[in-house]
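Here is a short report on one part of a protein model. Look at the strands first, then at the helices around them.

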Amino acid sequence: MSTKREGTYISALSGLKALAALMVVFYHLRFPFAQGGLLGVTVFFVISGFTIARSLLKEAEQKNSVDFGNFWLRRIKRILPGLIVLISVTVVLNAIFSRVLFTKECRDIVSVLTGTNNWWQIFNNVSYFENAGAPSPLTHTWSLAIEIQFYLVISLMAVLTARSQSRRKILGIACSAISIVSMALMVILFDPSKDPSRVYYGTDTRIFSLMGGALIAIYEDRIRKLFAQPLPAEGAGWLSLSALGFMMVTISGYDAFMYRGGQIIASGLCCVLVMSLLNQKTLISKLLSLSPLTWCGTYSYGIYLWHYPLMLLIMNGEKAGLLKSLCVIVLSVIMSLLSDLLFERPVNKGSYAKALNAIRTVPKTEKGKRRKKAASAFLMRSALMNAVLILSAGLCIALVPRQSAVANIDELEKQAEKASEMTAQKIKEREEAAASTPVTEPSGTEEPVSSAEPVKEKTDEEILNEIDLLLIGDSVALGASEAFYEVFPNSICDAAVSRYTTESFTIYDIWRYEHGWNGYGVIFALGANGMLYDSLPTLREMITPERPFFLLTARAPHTEWGDINNEEMHKFASEHENTYIIDWYAYSEGHPEYFIEDGTHLTPEGTKAYAECIRQAVLEVYRAREKENA
C-alpha cells in the first residue's frame with residue numbers, strides 16, 4: 001500500500017516494496033535464485049504494518065480521535081477497484097482459455113472480496129481430486145486478506161486509544177503482546193506431518209510481521225534518534241538487507257526452518273531495515289529511492305495481483321522457460337498500469353465526483369462548456385468500460401459450465417477405495433498365513449547343504465514373487481496399487497490420498513510392530529504433497545542399516561516443492577549406503593500418456609509404467625547386492 005503520509009514520505013520504502021514484489025514474482029516463476037522469495041510477502045507485511053499504524057497515530061495525535069469510517073473508505077478505495085478489475089478480467093480469460101482455472105477461481109471470489117481468503121483456504125473442504133492440478137488464480141490473495149484483517153484490528157485499537165495521552169504506550173504493549181502470541185503460535189502449531197496451510201495462511205500465526213511494522217510507527221521518534229547518525233543506520237540497513245537477501249536466495253519457502261523461526265528472523269530483519277531507512281541521508285536509502293525502484297514500488301500492489309493468475313494461464317502452473325517467464329513479467333506490469341490508469345486512479349483521485357460536479361454546474365464560459373463536455377464523455381466512457389467488464393464476468397460466472405482438473409473424479413475415488421480394500425485384504429492374508437504356519441525349533445540333525453553343488457541363479461519372476469517390499473506412498477501410488485501387486489505379489493503397498501512425508505514414520509512403525517513386517521526393503525513413494533522435511537534421515541535410521549531403502553522421485557509439475565524434493569532424494573541416496581533412487585520422474589519424462597489431466601495422477605497405462613519403473617530398479621539393486629554378497 002502507499003508509503004505516503006502528510007509530513008514525511010519515505011521513498012526508500014517504495015524501492016523496498018519493489019524488491020519484495022520482484023522476489024515473490026521470481027519465486028512463483030521458480031527462478032533458482034529465489035527459492036525463498038515468498039519472504040517478499042513478509043516484507044510487504046512489515047511495511048504495511050508501519051505505514052497504516054503511522055497514519056492512524058498521526059490522525060489520533062492531530063484530532064484526538066480516529067475517523068473509523070473514513071479510514072475504511074480510504075482502504076476500500078485503495079484495495080477494491082484493482083481487485084474487481086483483476087477478478088473480472090481473469091474470469092473472462094479463464095472462461096475462454098482454461099475452464100479448470102475458471103472453475104477454481106469462481107470458488108474463491110466471495111472470500112477474496114470479503115477479505116477472508118486465507119481462512120477459506122484453511123477450511124476449504126473441496127475434494128482432494130478437485131483440488132488437483134494448478135491452484136486457483138486467486139490463491140495469492142491470502143496475504144491481502146491478512147492485511148485487511150490487520151487493518152480491522154489496528155484501526156479498532158487506534159479508535160479505542162485515540163483520546164488517551166498514553167496511546168503510544170498502550171498500543172506498544174498491545175502490539176508487543178499480540179506479536180509474541182503470534183510468533184509462539186507459528187512455532188507450536190507447525191506440524192510437518194500435517195498440511196502446513198493452517199500455519200502459513202493463518203492470521204493469528206502471521207500477524208506478528210504486521211505488528212512488528214506497527215511497533216516501528218509507535219516508537220518512530222525514539223528510533224529516529226537511534227539512527228540519527230548515518231553510520232549506525234547504514235550498517236544496520238546493509239546488514240539486514242544482505243541477511244534478508246541471503247534467506248530469499250538460499251532457504252526454501254517451504255522449509256521447516258521457516259516455521260520454526262525463519263519467518264520471525266525475516267520479520268525482525270525487515271523491521272531493522274525499515275528503521276534504518278527512517279534516516280533518508282544514507283547511501284542505502286538513496287539507492288532504494290532510485291526512480292526505477294520507486295516507480296516499480298508504486299505499482300507493486302498491481303504487479304503482485306496480476307502476476308499469479310497470468311502465470312497460471314500462460315504456464316499452466318508448471319515451470320517454463322525464460323521466454324514465457326518474461327512474458328508473464330511484462331504482461332503483469334502492463335495490466336497493472338492499465339488497471340491503475342483506467343479504473344483505480346479515477347476512484348482514488350475522486351475523478352468521478354469531480355466529473356459529476358462539472359456536469360451539474362451551468363457553464364458560463366466556453367472553457368466551462370468544454371469542461372462539462374469532457375466530463376460527460378469521461379463518465380460515459382468509464383461507465384461503459386465498467387459495465388462491459390463486470391457484466392462479461394457476471395455472465396461467465398452464471399452461464400459458463402464448470403470443469404474440474406480431473407474429469408473422472410468419481411472413478412479415481414472408487415479406484416482409491418478399491419486399492420485400500422486390496423491392501424486390507426493383503427494384511428489379512430499375511431496375518432492368517434503367519435497364524436497357520438507352525439513354529440518349529442531346529443533339531444540339530446539337519447543335513448548340511450553341500451557347498452560343492454552350485455546354487456542356481458533365480459529368475460526375475462522368482463525374485464519378484466518372493467521379494468517382500470513395503471511401499472509407503474501417496475495417492476499416485478494408491479492408484480497404481482493393483483499394477484504394483486501384479487508385479488510384486490508378496491509385497492505391500494500402503495498408500496493413501498493426501499499423505500504427507502513425515503507420516504511415513506508412524507506407518508513404518510505400525511508395519512514393524514503391529515504387523516510384524518520384516519521384509520526385504522522399503523520404498524518411499526511420497527513427495528508430491530509437500531516438503532520432505534526430516535523424513536529421509538529419520539526413516540533411514542529406523543530401517544536396519546543393511547535393508548535397502550528405495551526413494552521414488554515424484555512428478556508434481558504444479559507444485560513448488562516437486563523439484564526440490566527430487567534433488568534432495570538424489571543427494572540423500574548418494575550420501576547414504578543401501579539407499580537407492582527409483583527415478584519415476586526421469587522414467588516418465590516425455591510420456592504425457594501416463595498421466596491424467598493434472599499431470600501427476602496416473603492413467604491405466606501410467607500405472608503399469610509406474611510398476612515397471614519400480615520393478616526394473618528393484619531387480620537391478622537385488623542382483624547387484626547378490627553379486628556383492630557372493
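## The sheet

Five strands form an open sheet in the order β2-β1-β3-β4-β5, with parallel pairing. Helices (H or I, at least four residues) and strands (E, at least two) are DSSP runs, numbered from the N terminus. Two strands pair if DSSP finds at least two bridges between them. The edges are β2 (492–495) and β5, each of which pairs on one side only. From one strand to the next, the twist averages 20 degrees. Axes are lines fitted to C-alpha atoms, for helices over the stretch in contact, and angles run from 0 to 180 degrees between N-to-C directions.

The model is predicted: local features need pLDDT of at least 70, side-chain atom pairs count only at pLDDT 80 or more, and totals for chains, interfaces and linings use all residues. Residues are numbered from 1 along each chain as its sequence is written, and side-chain values use heavy atoms, leaving out hydrogens and water.

## Strand partners

Strand β1 (residues 469–473) pairs with β3 in the parallel sense over 5 bridges. Here L471 has I523 in β3 as its bridge partner.

Strand β4 (residues 549–552) and strand β5 (residues 579–582) are also parallel, with 4 bridges. F549 stands opposite T579 in β5. Together, β4, α25 and β5 make a right-handed β-α-β unit. Right-handed means that, with the strands pointing away from the viewer, the path from the first strand over the helix to the second runs clockwise.

## Helices on the sheet

Helix α23 (residues 504–514) lies across β1, β2 and β3 and runs at about 150 degrees to β1. Helix α27 (residues 604–629) packs on the sheet, where it touches β1, β3, β4 and β5. Contact means heavy atoms within 4.5 Å. The direction of α27 makes about 150 degrees with that of β5.

## Two crossing helices

The axes of helix α24 (residues 535–542) and helix α25 (residues 562–575) come within 11 Å and cross at roughly 35 degrees. L536, P537 and R540 in α24 meet E568, M569 and F572 in α25.

## Two loop residues

Y533 lies in the loop between β3 (521–525) and α24. Its phi is near 55 degrees, a positive value in a residue other than glycine. Is Y533 buried or exposed? Y533 counts as buried because its relative accessibility is 16%. Buried means under 20% relative accessible area, exposed over 50%, and partly exposed in between (1.4 Å probe, protein chains only).

N578 lies in the loop between α25 and β5. N578 also has a positive phi, about 55 degrees, although it is not a glycine. N578 is partly exposed, with a relative accessible area of 21%.
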